[in-house]
Amino acid sequence: MQSYKRRQQNIVDRIDSEEPLAKWNDWKWQLRHSVNDIDTFETLLDIKFEAEEREALLKTLEKFPLSITPYYLSLIEAEDFRNDPIFMQSFPSPQELIVSCDEMADPLSEDHDSPVPGITHRYPDRVLFHISNVCSMYCRHCTRKRKVGDVESIPQKDEVLQGIEYIANNPQVRDVLLSGGDPLMLSDEYLDWILSELRAIPHVEVIRIGSRMPVVLPYRITDNLVNVLKKHHPVWLNTHFNHPREVTASSKQALKKLADAGIPLGNQTVLLAGVNDCYRILKKLFHKLVENRVRPYYLYQCDLSEGLTHFRTSVGKGIEIMENLIGHTSGFAIPSYVIDAPGGGGKIPVMPNYLISWSTNKVILRNYEGVITSYKEPDSYEAIYCDRKCDDCALQLKLDEAREFRYVGIAKLLSDFDDALSLVPEDTERMERRNIA
Ligand SMILES: *Cc1c(COP(=O)(O)O)cnc(C)c1O
């Protein structure tokens, strides 16, 4: 097996023997030399596809384009590239053209919950703000595959301004999640401008950036970028590591710069068949992440996006993985396992059951080892009746610090002050009869 340095040198030699290796760490050089076609991929990795497979690959590229940074490509181990987690995440598979009947172009209905272009407003207090639709590497498992490489939908400045205006006009938005594409594809100056505009909105408390740069192009995390980001604190950043092999010296360096700038780091992993659907791999990944001050945030069940069938696992696999993590390792190394509900229901957490039974004063629980235990509830607990008149309440919440939201869902059923008894689907025959009567 070749060392990483050796592979890197080979790749640079094959790209352009005139260029010095020193350029490798220049993110713009990496972008200029991104691999977008099969020929170059074959040359750089020194492999060859059979004619039939080539043809299928070319067809796949017509629908879903290819882009890999030389850096990310250099992490592929050519000797067994077909099983390589880096290869599988970045190189097309003809299986992407198989669309099963449950799959959709926009499974999360992001385009439906979009009041203005670029904004997805799904939850009461936070929005997703698409400020870029390009990436340095096109993940094959991208949930927004429908938009990848679609030059038409690159948000223009006036569109970004509309998004900023929407946020400014909606005081309930306290958390803005910059996404894309990869927001860090934008220049430092442009990001500085967007961040300044958002910071000028008094009700925006936190700004989050979702970026895969620390994984696929860690050299993007420059001192200058970090200085721009930290001017606008609190800024959080969520990245997207899927496999321990992605945690390299370069990516560690990028994470260190971000963490040293006081940016809290999180990670969103997608559970992918053949890549990381193994608790030993994921445990290793999560350990490496916390070692580098990155908190595993979400483990996603793979979405129902078109072309992802071959990446999807059963939900049972995810629950089995959570069973093997909870209790077995540090709590902060364990993400929440979520299914992003098709149709725009948002993220729904799923996990093994720990609550086995319950009586009027005892809860029966089981732990990760199989110990079954009981927790005796207090005999004397008197809950404070909540009529939402917080001014008269003994609990100290200054009302001017509390934001008001409409109560919804199970929380509404649980509340003392709302007289809703049930949540009832509207489209039943019984309801229709009632409406007629
Ligand atoms: C994931 C997501 C968010 C953020 O959700 P958190 O659970 O707060 O991380 C916000 N808006 C949309 C549309 C999302 O998909």
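A residue is classed as buried if 20 or more other C-beta atoms lie within 10 Å of its own, as exposed if 12 or fewer do, and as partly exposed in between, with C-beta atoms placed from the backbone. The structure is a predicted model, in which local features need pLDDT of at least 70 and side-chain atom pairs count only at pLDDT 80 or more, whereas totals for chains, interfaces and linings use all residues. Residue numbers start from 1 along each chain as its sequence is written. Helices (H or I, at least four residues) and strands (E, at least two) are DSSP runs numbered from the N terminus.

The protein chain is divided into domain 1 (4-97), domain 2 (119-349), domain 3 (353-381) and domain 4 (390-436), the bounds being taken from an automatic or database domain assignment. The centres of domain 3 and domain 4, taken over C-alpha atoms, are separated by 28 Å.

Helix H12 (residues 279-291) comprises 13 residues and reaches 18 Å from its first C-alpha to its last, close to the 18 Å expected at 1.5 Å a residue; the expected span is 1.5 Å times one less than the number of residues. Leu282, Leu285, Phe286 and Leu289 of H12 are buried. These residues lie on the same side of H12 because they cover an arc of only 95° around the axis, the arc being that of the directions from the helix axis to the C-beta atoms. An α-helix has 3.6 residues a turn, so residues three or four places apart point the same way. On the other side of H12, Arg280 and Glu291 are exposed. The buried residues of H12 pack against strand E6 (265-270), strand E7 (294-300) and helix H13 (315-323), contact being defined by C-beta atoms, placed from the backbone, within 7 Å.

Within strand E7 lies Tyr298, which is partly exposed because 19 other C-beta atoms are found within 10 Å. Tyr298 touches Gln268, Pro335, Ser336 and Val338, with residues up to four places away in sequence not counted. Tyr298 and Ile334 are 36 residues apart in sequence, and their C-alpha atoms are 8.5 Å apart in space.

Several backbone features were also identified. Most residues other than glycine have a negative phi, and most peptide bonds are trans. Arg293, although not a glycine, has a positive phi of about 65° and is found in the loop between H12 and E7. Arg293 counts as partly exposed because it has 15 C-beta neighbours inside 10 Å. Ser109 has a positive phi near 50° and lies in the loop between helix H6 (85-90) and E1; with 16 C-beta neighbours inside 10 Å, Ser109 counts as partly exposed. A cis peptide bond joins Gly180 and Gly181, with omega about 20°, and Gly181 is placed in the loop between strand E3 (175-179) and helix H8 (188-199). Another cis peptide bond joins His233 and Pro234, with omega about 0°; Pro234 is found in the loop between helix H10 (223-230) and strand E5 (235-239).

Definitions and conventions. Two residues are in contact if their C-beta atoms, placed from the backbone, lie within 7 Å.
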